[in-house]
Amino acid sequence: MSTYVLPFEKTIVELEKKLDELRSFSEDQDLDISSEITKLETKLEKERVSTYENLTAWQKVQMSRHPLRPYTRDYIHKITTKFIEIHGDRLFSDDQAIIGGFAYLDKQKVMILGTQKGRDTKSNLECNFGCPYPEGYRKALRLMKMANKFNVPIITLIDTPGAYPGIESEERHIAEAIAVNLREMFTFSVPIISVVIGEGGSGGALGIGVSNRILVLEHAYYSVISPEGCAAILWKDRSFAEDAAEALKLTAQHLKDSGLADGIIKEPLGGAHRDSDAVAAKMKSSILKHLAELQRMSSQELLEDRYNKFRAMGVFAETPPDESS
Amino acid sequence: MAFFGKRILSFRNRKKDTPGGLWDSCPSCKEMLYLKEMKEAQGVCTHCSHHFSLPREDRIAMFADAGSFEEWDGDLTSVDTLKFTGTASYTDKLAENLLKTGYKDAISCGKTRVGGFDVGLGVMDFKFLGASMGAVVGEKVTRLIERSTEARMPVLLVCASGGARMYEGLFSLMQMAKTSGALARHAKAGLPYIPILTHPTTAGVMASFATLGDVIIAEPEALIGFAGPRVIKETTQQDLPDGFQRSEFLIKHGLLDMIVHRHDLKQRVVDLLNFWMPESSQRPVPVDGPMGIKQEDVVEAPTKNTPAKRRKS
Ligand SMILES: [Zn+2]
């Protein structure tokens, strides 16, 4: 079913192939080799568990970029009904790298938006490989302001390698587009929940990520810089991305442990693309659970909660003045 | 931290002893400069107006009314919270930069008086790990803004940054949100905020507090942008336009309010504070102190704000 094999999946794929061969052989020849088949099945299952349950940080980054992984639009269709897509920033264009609109999560009205990747050359060109231009962030801001106006909770789905580093991005002030979103997201008095569904690439991710709850899919990552970018600067060689991924502590588990993520949404064995309905269902119930908690808060409490959440992020030491000389 | 180090040459570090005294050559016009002269000129080339990077104490002295700066949170120190594994240990890097600069992190903050107005002032220092923003920078900026909000003071932030503090991972990124949240409250209280963008101001700092000013001022020819020019070139495989991401490019695109020569910076800030702040909040200005400014002299915008000669690059 998966036609795209990650480097660490080779053994699994080989075993799968062997098993298929064995099965068709037994059918063709009408031979009973069921014990062989069972043995192989057990071996395959063991291999799957030991591989997928123990992914390294770099393997998770690869998984988060898997081209068959469900994207924002897939989740919107799987978890919501009556989606009304809203378009454009009313200033320059309709950036397809960020999509969103009104929808229902069961009976709950929400504004759902997120960064969108493409699956083939055509769709990737349309959405710029999931790298938003300034227009994308301004479109997101327009949608969120509208949600705030109509008192509708905001759900943001994050899956981007980062904001687009291009000439036009700078000319139209990508830094301002992100900065304004960061500031404005602190002023919305509705609940905001972010889910990192794939790549949480730096400022481009945070630009729609100032929320009351940050949820991360099991094999998604969220980082200040891509492992390749970090390797290029600190190791002076992009091929050290694996080391950089490890050092950056960017996995869902690390983020949960350090208090930067509020919850992990478990993926099926082998990744979200193996059973996207199952992961969507888990995501939906997790969002609804957190939403229910947040909806018990007043507008003022929601603002305070969001402020205090980010206010507390950061570890440092402070020597009291009376102890220093 | 994408470093733009080759252009960041503090004249203090390049000084050479010669029989004639201490001198240095300007990277822009190649003229010989006497360091004493340069210091008096606040790190501006006396021949071509090239703006050198300025040590943070000089930058503070440039804005603060004589003797008015009172430092806040100078003891905040970065922690290797990720136990970063890599080519160099974060702890070693921090120690090395403490030794090099005499400071514990990349920003100094405090309360000061500017033209008689109490102001929350922050000064970033490129020499400390490329003025990258980690938890200490984020916390100090946030405390500066929060306390200024409480005391109803304007905030003035001299920005510089070469990139993220990668050693702190996602904690580093989140400082962008934290500082922006504090600015939302400062703005809601109706208080003015002026970021001053110096060479270079990029990345997370640029995509947060450096860009959220009521009025944004830049020094001439500063490199200002989100992504570094090298990254943009590599990603797009395009040649970058002439003067791309320099102050003059940004103002042409409507992304800045003004480019102000360093010698006129304080005056321009005082002009704005005079306009924004109630007269009752202004205290007498010591006219004899260094850079003291007489209020009655504040009439017109200075005329000396033409950008310096374009550098050959
Ligand atoms: Zn010169």
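Entry 1, the interface. I found 48 residues of chain A in contact with 53 residues of chain B, contact being C-beta atoms, placed from the backbone, within 7 Å. H8(A) gives the most to the side of chain A that touches chain B, namely seven residues. I sorted the residues of that side into 30 nonpolar, nine polar and nine charged. Here Ala, Val, Leu, Ile, Met, Phe, Trp, Tyr, Cys and Pro are nonpolar, Asp, Glu, Lys and Arg charged, and the others, Gly among them, polar.

I noted that the model is predicted: local features need pLDDT of at least 70 and side-chain atom pairs pLDDT 80 or more, while totals for chains, interfaces and linings use all residues. Residues are numbered from 1 along each chain as its sequence is written, with chains lettered from A and ligands numbered from 1 in the order written.

I saw S9(A) run antiparallel to S5(B) (residues 76-78), joined by three bridges; pairing requires at least two DSSP bridges. Ala317(A) has Thr77(B) as its bridge partner. Helices (H or I, at least four residues) and strands (E, at least two) are DSSP runs numbered from the N terminus.

Why is S4(A) (residues 154-160) largely enclosed by the rest of the structure? I found seven of its seven residues buried, so the strand is largely enclosed; buried means 20 or more other C-beta atoms within 10 Å, C-beta atoms being placed from the backbone. S3(A) (residues 108-115) pairs with S4(A) in parallel over four bridges, and Met111(A) stands opposite Ile154(A). S5(A) (residues 192-201) is joined to S4(A) by six bridges, also running parallel, with Val195(A) partnering Leu157(A).

Conventions
Two residues are in contact if their C-beta atoms, placed from the backbone, lie within 7 Å. A residue is buried if 20 or more other C-beta atoms lie within 10 Å of its own, exposed if 12 or fewer, and partly exposed in between; C-beta atoms are placed from the backbone.
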